[in-house]
Amino acid sequence: MYRIKQLQDSATSAIKRARDIAEKATAEDRDMDSDERKQFDIEMAAGRELLEKLKAAKADQLVVDEAESLAKAVGGAPGTDDHTGASKFLGIAGTSVKSLARSIAGTMLREENGRKAVAPAGTSLTAIPLLPQSPIELPRALQTFLEVIPSGVESSPSWKYLKQTVRTNNAAPVAVGATKPTSVYTWDSANAALHVIAHMSEPIDKYLLEDVNALSAWIENELLFGLRIAVENQVLNGDGQLLSGSTTDRAILGLNSTSGVQSQAFASNLLTTARRAITKLEVIGKSPSVFVLSPTDWEALELTAATDDAVDYRGLPVDRAAQKLWGVPVSLSTALAAKAGVLLDTSTLRVVTDTQGVEVKWSENYADDFAKNQLRARCEGRFELEVQQPLGTVKIATQAP
């Protein structure tokens, strides 16, 4: 709040100085001279820049206030998971990614002669927001399933975690003095490492990017969106194989390549298939958290629910407004393979990033970009997927073979 007050006071002062210059010339019934005009332009440019920063700061404060109010509602405060064990979630969509884009854009601008300009070269490191509450608990549709998988941050590029390979419950009544039955819970040590996921823009004329609003929108809609889709694809489809040209670097081992996950074959129609996938989790004591489906399969479900066949399913198991199927939230993803979907118990997974967050770097030193007054942006981050209990994932065949 102090920063908002400071920006507000500074903007007011700059605009007042510009007004005083103009009013002085008007009172003397003359035009502003060259020095006055120059100073007037400088003060107005400063005022406009401060107002833009003020708007961004107010928007950021709104996000913080909303997060704090939600945290209080569930009995905790942001940033307390290290002490309470509460999960946090990647803020990689919605208002969080808008704030992330503004933060990156703000660090990539500079002022030259009283006007904004994109820095010709530079790096912006911006931590990915970790939210205290899953969007599943909020009254809105999911924008990506990454929002609801618990997330963590690792400072080391590689580490080990526990992965369950066998889960057999043998608890039963026991007579006095008798040997207690043994339940088999086998955990193995699994290797994990951060994987770079990145892309680069085509050359862009620097004057097209010098408006802060346009720059923020471009970063949000293109660079961060593209990065998110790539992370989704790796979490779902990464094969864990060596990358081209490397003897050490590998792709993420995604859900479809992880051994031990469950499978649900196509059964009559997608509604029945999805319900049977839910049962597969429920019979082992797991809770369905989110379906991940392609937009095409979601369309097919909605059209089915809109026909007379919906009566066969006790009404409408597809809730368009809340984007739910059989009461379970649905996240749409274009990264899914054909005829494929996934049902997750998100408590059995973890998406990990590093302490640096998202890096965006501008450069004009590529090919003939400098001669053409063009810039390119490189956007990247490091991520890993921990599948701690593979049985908490069900791969779904959404269509007949």
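**Before you start**

This is a predicted model, in which local features need pLDDT of at least 70 and side-chain atom pairs count only at pLDDT 80 or more, while totals for chains, interfaces and linings use all residues. Residues are numbered from 1 along each chain as its sequence is written, and side-chain values use heavy atoms, with hydrogens and water left out.

**The whole chain**

Colour by secondary structure to begin. The protein has seven helices and 20 strands; these are DSSP runs numbered from the N terminus, with helices being H or I of at least four residues and strands being E of at least two. Of the 401 residues, 42% are buried. Here buried means under 20% relative accessible area, exposed means over 50%, and partly exposed is in between, using a 1.4 Å probe and protein chains only. Among contacts with a separation of 6 or more, 73% join residues 24 or more positions apart; a contact means heavy atoms within 4.5 Å.

**The largest nonpolar core**

Now select I219, L224, L255, L344, V358 and W362. These touch the most other members of the largest nonpolar core, which has 45 residues. Such a core is a set of buried Ala, Val, Leu, Ile, Met, Phe, Trp, Tyr and Cys residues joined through side-chain atoms within 4.5 Å. In soluble globular proteins, nonpolar side chains tend to be buried together.

Which elements supply at least two residues each to this core? They are α4 (94-107), α5 (212-237), β12 (290-293), β16 (340-344), β17 (349-354), β18 (358-363) and β19 (374-387). Highlight α5, which gives the most, with nine residues. Then show the neighbours of I219: beyond four places in sequence, I219 touches A101, I104, A105 and L224.

For a separate core, select A277, L301, V318 and L325, which are among its 18 residues.

**A cavity and a pocket**

Next, select G91, I92, L100, I128, L224, L227 and V358, which line the largest cavity. Its volume is about 40 Å³, and the structure holds one cavity of 30 Å³ or more. By class, the lining has six nonpolar, one polar and no charged residues.

Move on to N191, A193, H195, A251 and E384, the residues nearest the centre of the second largest pocket, which is lined by 21 residues in total. About 440 Å³ of space lies in this pocket. Two or more lining residues come from each of β7 (158-168), β8 (184-193), β9 (195-200) and β19, and β8 gives the most, with four. The lining divides into 12 nonpolar, five polar and four charged residues.

How are these spaces and classes defined?

- On a 1 Å grid over the protein atoms alone, a cavity is a set of points where a 1.4 Å probe fits but cannot get out; a pocket is an open set with protein on both sides within 12 Å along at least five of seven lines, and lining residues have an atom within 4 Å of a point.
- Grid points are joined across faces, edges and corners, and a volume is the space filled by probe spheres set on the points.
- Ala, Val, Leu, Ile, Met, Phe, Trp, Tyr, Cys and Pro count as nonpolar, Asp, Glu, Lys and Arg as charged, and the others, Gly among them, as polar.

Is E380 buried or exposed? E380 is buried, at a relative accessible area of 18%. Show side chains to find its polar contact with the side chain of R378, at 3.3 Å; such a contact is a pair of N or O atoms within 3.5 Å, where, within protein, one must be able to donate a hydrogen and the other to accept it, and residues adjacent in sequence count only if both atoms are side-chain atoms. Outside four places in sequence, E380 also touches V196, I197, A198, L227, G357, V358 and E359.

*I149.* Look in the loop between β5 (130-131) and β6 (150-154). I149 is buried, at 0% relative accessibility. Its C-alpha atom is 7.7 Å from that of L90, 59 residues away along the chain.

*Y207.* Select the loop between β10 (204-205) and α5. Y207 is exposed, with a relative accessible area of 53%.

W326, in the loop between β14 (324-325) and β15 (328-332), has a positive phi of about 55°. K339, in the loop between β15 and β16, has a positive phi near 60° and is partly exposed at 41%.
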